[in-house]
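This briefing goes through a structural model topic by topic, for use beside the sequence and coordinates.

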Amino acid sequence: ALNIKNSLAPGMMSASDFLMNLQLNGASLEHTWSLMPIRMPVIVIGAGLTAVDAATEARAYYIALIQRFQSIWLQQLANRGQEIWGDFTPTERDIIKEWLDHAEQLKLHGQEECLRRWGDVTIVYRQAISQSPAYRTNHAELADAMREGVLFREHTQPQAVICDKGGWLNALRCTNTQTSEETMLAAGTVIVATGQQPNVAY
């Protein structure tokens with residue numbers, strides 16, 4: 001578990017649960033209303049191979065999620081009209097609007113450009129990349145993930161999760177482990193991959 005302020009905020013999840021959920025439910029994306037709600041940017045804490053897997057899968061999953069969600073939403077909107085918005089909380093409505101907007105952007109600009117615009121997926125690690133478990137275990141897999149677009153931020157130690165007025169996380173406050181400089185990283189989702197087991201509290 002991640003022992004920092006607001007570590008149980010909505011938008012936090014463990015890498016093992018994220019990957020397990022994808023394996024069990026994520027391939028078809030048929031049950032749209034019950035999908036894992038992830039938002040961009042995504043930050044993955046930890047730098048083992050599980051973190052690398054979570055980072056690459058998060059990029060692909062978000063694209064599939066917003067496309068599938070838009071399709072189902074338009075069907076529901078045609079059937080029920082604007083009253084459908086009443087089924088959701090203010091925070092859920094904000095997420096829906098964000099997903100729909102991103103789905104439209106995706107049609108205009110393409111996947112890689114959009115992911116960059118939305119902040120993409122970043123692995124944060126407290127030491128240098130060369131000291132990370134993924135690099136030492138299988139540096140080729142880490143290199144492949146970075147070629148695909150996953151970002152890697154070295155010497156970064158999370159200190160607190162910052163939440164918006166609706167309670168959903170929107171930033172991660174970190175310090176540089178070399179300089180002690182404080183940094184605020186925008187985040188819509190934080191995936192924790194620091195030695196946890198499946199079905200932890202996130």
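In this predicted model, strands S5, S6 and S7 form an open sheet in the order S5-S6-S7, with antiparallel pairing. A second open sheet has five strands in the order S1-S8-S2-S3-S4, with parallel pairing.

- Five bridges pair strand S6 (residues 169–176) with S7 in the antiparallel sense.
- Arg-173 has Met-184 in S7 as its bridge partner.

**Five-stranded sheet**

- The order of the parallel sheet is S1-S8-S2-S3-S4.
- S1 and S4 stand at its edges with a single partner strand each, so one side of each is left without a neighbour in the sheet.
- Neighbouring strands here are turned by 25 degrees against each other on average, direction ignored.
- Helix H2 packs on the sheet and touches S2, S3 and S8, and its direction makes about 165 degrees with that of S3.
- S1 and S8 run parallel and are joined by three bridges.
- Met-13 stands opposite Ile-191 in S8, while Ser-14 has Val-192 in S8 as its bridge partner.
- S2 and S8 also run parallel, joined by four bridges.
- Val-192 in S8 is the bridge partner of Ile-45.
- From strand S8 (residues 189–192), Thr-189 and Ile-191 point one way and Val-190 and Val-192 the other way; all are buried.

**Nonpolar core**

- The largest nonpolar core has 61 residues, of which Phe-18, Val-44, Trp-118 and Ile-191 touch the most other members.
- Helix H2 (residues 49–80) gives the most to this core, with twelve residues.
- Not counting residues up to four places away in sequence, Trp-118 touches Met-40, Pro-41, Tyr-62, Ile-63, Ile-66, His-102, Gln-105 and Leu-106.

**Backbone geometry in loops**

- Pro-41 sits in the loop between helix H1 (15–26) and strand S2 (42–45).
- The peptide bond leading from Met-40 to Pro-41 is cis, with omega near -10 degrees.
- Asp-120 is placed in the loop between helix H4 (111–117) and S3.
- Phi of Asp-120 is near 60 degrees, a positive value in a residue other than glycine.
- Asp-120 has a relative accessible area of 0%, so it counts as buried.
- His-155 belongs to the loop between strand S4 (151–153) and S5.
- Its phi is near 50 degrees, again a positive value in a residue other than glycine.
- His-155 has a relative accessible area of 16%, which is under the 20% limit for a buried residue.

**Two further buried residues**

- Thr-122 is part of strand S3 (residues 121–124).
- With a relative accessible area of 14%, Thr-122 is buried.
- Leaving aside neighbours within four places in sequence, Thr-122 is in contact with Val-42, Ile-43, Val-44, Leu-151, Phe-152 and Arg-153.
- Ala-9 is found in the segment before strand S1 (12–14).
- Ala-9 is buried as well, at a relative accessible area of 9%.
- Ala-9 touches Val-161, Cys-163 and Gly-167, not counting residues up to four places away in sequence.
- Between Ala-9 and Asp-87 there are 22 Å in space, C-alpha to C-alpha, and the two are 78 residues apart in sequence.

**Second largest pocket**

- The volume of the second largest pocket is about 180 Å³.
- Its lining has 14 residues, with Ile-45, Gly-46, Arg-126, Gln-157 and Thr-194 nearest the centre of the pocket.
- S5 gives the most to this lining, with three residues.

Key:
Residues numbered from 1 in each chain as written. Predicted model: local features only at pLDDT ≥ 70, side-chain atom pairs only at ≥ 80, totals over all residues. Heavy atoms only, no water. Core = buried A, V, L, I, M, F, W, Y, C linked by side-chain atoms within 4.5 Å. Buried < 20%, exposed > 50% of the residue type's maximum accessible area, 1.4 Å probe, protein only. Helix = DSSP H or I, 4+ residues; strand = E, 2+ residues; numbered from the N terminus. Contact = heavy atoms within 4.5 Å. Pairing = 2+ DSSP bridges. 1 Å grid on protein atoms, 1.4 Å probe; cavity = no way out; pocket = protein on both sides within 12 Å on 5 of 7 lines; lining within 4 Å. Points joined across faces, edges and corners; volume = space filled by probe spheres on them. Axes fitted to C-alpha atoms, helices over the stretch in contact; angles between N-to-C directions.
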